[in-house]
Each structure stands twice: as structure tokens, then as C-alpha cells.
Amino acid sequence: MKAWQLLEQKGWCKGALARNEAGQAVRVENPYAVRFCLYGALLRCYSSMEITAMKTKVEEVINPCYIGDWNDFQQSGTPVIALLKRLD
């Protein structure tokens with residue numbers, strides 16, 4: 001599964017890599033994680049080499065903003081998903 005697909009299917013969040021149904025921050029690999037931030041989605045979906053490659057692509061577009069800050073500045077997951085789709 002691609003990171004953008006995970007966000008479309010499960011949901012997007014900010015302020016944590018992943019959140020459960022109650023909105024509590026959880027680890028990305030937690031089976032109860034139901035929403036993910038941009039970087040959390042990369043961690044959940046890709047191998048370490050793929051994460052590095054995609055993170056580099058993302059950072060080239062959002063430079064000079066840090067990936068977590070950029071994610072958290074968004075008001076919805078729509079621009080996050082659009083960016084991931086564009087870079088896929």
C-alpha cells in the first residue's frame with residue numbers, strides 16, 4: 001500500500017505520527033492506529049530505503065519547512081495526500 005492510499009483509507013492526523021480511535025498518540029506499528037501524519041504514513045507503508053527516497057522528495061518540495069511542521073500546518077489531509085500522490 002502507498003502512503004497516500006493509507007491516508008485516504010485510514011485517515012490523516014497532526015501532532016503525532018499516529019493516533020487511535022480515541023485520538024491518543026500511538027506508535028505507527030500499533031494495530032489500533034487509525035490515523036497517520038505524513039511521516040507516520042511513510043513509516044507504516046515503506047521500507048527504510050523507500051522512506052529515505054520519499055522523504056527526500058517531500059523535503060525538496062516543502063523546503064525549508066521540516067516535514068512534521070509542514071504536516072501540522074495543514075488544516076486537513078487533502079494537501080498531504082495530494083503531495084504524496086504527486087511524488088509517487
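R27 is exposed, with a relative accessible area of 61%; exposed here means over 50% relative accessible area, buried under 20%, and partly exposed in between, computed with a 1.4 Å probe on protein chains only. The model is a predicted one, in which local features need pLDDT of at least 70 and side-chain atom pairs count only at pLDDT 80 or more, while totals for chains, interfaces and linings use all residues. Residues are numbered from 1 along each chain as its sequence is written, and side-chain values use heavy atoms, with hydrogens and water left out.

The side chain of R27 forms a salt bridge with that of E29, with an N to O distance of 2.5 Å. A salt bridge is taken as a side-chain nitrogen of Lys or Arg within 4 Å of a carboxyl oxygen of Asp or Glu. E29 is also exposed, at 51% relative accessible area. By the salt-bridge rule the count comes to four.

Another of these pairs is K2 with D88, whose side chains meet at 3.2 Å, N to O. Helices are DSSP runs of H or I with at least four residues, strands are runs of E with at least two, and both are numbered from the N terminus. K2 is partly exposed at 34% relative accessibility, and D88 is partly exposed at 43%.

A further salt bridge links K55 and E59, with the closest N and O atoms 3.0 Å apart. Both residues lie in helix α3 (residues 48–62), four residues apart, which is about one turn of the helix. K55 counts as partly exposed at 24% relative accessibility, as does E59 at 29%.

Helix α3 also packs against another helix. The axes of α3 and α5 come within 10 Å and cross at roughly 115 degrees. Such axes are lines fitted to C-alpha atoms, for helices over the stretch in contact, and the angle runs from 0 to 180 degrees between N-to-C directions. The crossing is right-handed; a crossing is right-handed if the near helix is turned clockwise from the far one by less than a right angle, and left-handed if anticlockwise. On the α3 side the contact is made by M54, K57, V58, V61 and I62, and on the α5 side by L83, L84, R86 and L87. Contact means heavy atoms within 4.5 Å. By class, the α3–α5 contact has seven nonpolar, no polar and two charged residues. In this scheme Ala, Val, Leu, Ile, Met, Phe, Trp, Tyr, Cys and Pro count as nonpolar, Asp, Glu, Lys and Arg as charged, and the others, Gly among them, as polar.

K57, in helix α3, is partly exposed at 38% relative accessibility. The C-alpha atoms of K57 and L84 are 9.4 Å apart in space, while the two residues are 27 apart in sequence. P79 is found in helix α5 and is partly exposed at 30% relative accessibility. P79 and I62 are 17 residues apart in sequence, with 12 Å between their C-alpha atoms. Leaving aside neighbours within four places in sequence, P79 is in contact with W70 and Q74.

Most peptide bonds are trans. The bond joining N63 and P64, however, is cis, with omega about 10 degrees. P64 lies in the loop between α3 and α4.

Helix α4 contains N71, which is buried at 1% relative accessibility. The side chain of N71 makes a polar contact with the side chain of W12 at 2.7 Å. A polar contact is a pair of N or O atoms within 3.5 Å; within protein, one atom must be able to donate a hydrogen and the other to accept it, and residues adjacent in sequence count only if both atoms are side-chain atoms. The N71 side chain also reaches the backbone oxygen of C13 at 3.2 Å. Not counting residues up to four places away in sequence, N71 touches W12, C13, K14, C37, L38 and V80.
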